[in-house]
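Good morning, and thank you for making time for this item.

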Amino acid sequence: IYKEKTKYFQAAPPDNLITFLENQKKSIEDTEKEIKEILPQLLLKRAYSKKSNVTVYEGFKGIMTVYTKRFEVLKKREEYLNLGLPAIQPEHHHAFWEKDHKERVKRKIKARLLYNQKVSDKILKNRNSYWGCDARRMPFDIETPSWILLYKDTVVIAIPQGINPIAIEINNPEIARSFERYFEWYWEKSKIFIKNKREN
């Protein structure tokens, strides 16, 4: 109590300490019970919410590095997907892709590629000449300044234009499945490339 701005204390009976401890013990037991009840839900949420690892690569060499990483993960007869490949690329890009396809064939890894609608027959004919590659035009005329690579739990978003091209690599199964659904939707509406068509 306060008397004339002075605080006075009076000792409580010592037995009150036992009551206090018992109340604290009961509170802890109640909290423990609540945690045990929600623990399975928390563990389930943790299992389904996978962490995302994101890495950014700069320059065309960076794009080449992240692109060839799929060879470290994919096994024989597995495949990767490419969405939104541009119609026109610098000549040294084509040289890299052709070399890359030879390595892919050597490893017996399959590929499905969707190019911009304006891509030439010559490029599609070249890509389809390699074993295990199905290259087509996208079903809609959409500008694609960036392209997407999908394999396993990995998504790579590449922006090759400009002074400093970049590629963003995301490792997350849920995100990968989401992009795969987009790809499959486009793929179902695309047409098989006829190899004996007149080249543009």
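First, the basis. This is a predicted model, in which local features need pLDDT of at least 70 and side-chain atom pairs count only at pLDDT 80 or more, while totals for chains, interfaces and linings use all residues. Residues are numbered from 1 along each chain as its sequence is written, and side-chain values use heavy atoms, with hydrogens and water left out.

How many salt bridges does a search of the whole structure find? The search returns 11, a salt bridge being a side-chain nitrogen of Lys or Arg within 4 Å of a carboxyl oxygen of Asp or Glu.

One of them pairs E79 with R112, at 2.9 Å from N to O. E79 belongs to strand 4 (residues 79-85) and R112 to strand 5 (residues 110-115), so this contact ties together parts that are 33 residues apart in sequence. Helices (H or I, at least four residues) and strands (E, at least two) are DSSP runs, numbered from the N terminus.

Are these two partners buried or exposed? E79 counts as partly exposed because its relative accessibility is 31%, whereas R112, at 15%, counts as buried. By these terms, buried means under 20% relative accessible area, exposed means over 50%, and partly exposed lies in between, with a 1.4 Å probe and protein chains only.

A second salt bridge joins R137 to D121, with the closest N and O atoms 2.6 Å apart. Here too distant parts of the chain are linked: R137 is in strand 6 and D121 in helix 5 (residues 121-128), 16 residues apart. Both R137 and D121 are buried.

Elsewhere, salt bridges with shared partners connect E79, R112 and E184 into one network.

Let me turn to the surface. F140, I142 and W185 form a nonpolar patch there, with about 270 Å² of accessible area together. I142 sits in the loop between strand 6 (133-137) and strand 7 (147-151), and its 32% relative accessibility is why I142 counts as partly exposed. Patches are made of residues with over 30% relative accessible area and no salt bridge, like charges being joined within 9 Å and nonpolar side chains (Val, Leu, Ile, Met, Phe, Trp, Tyr) within 5 Å. Accessible areas come from the Shrake-Rupley method with a 1.4 Å probe, and for residues only the protein chains shown count as cover.
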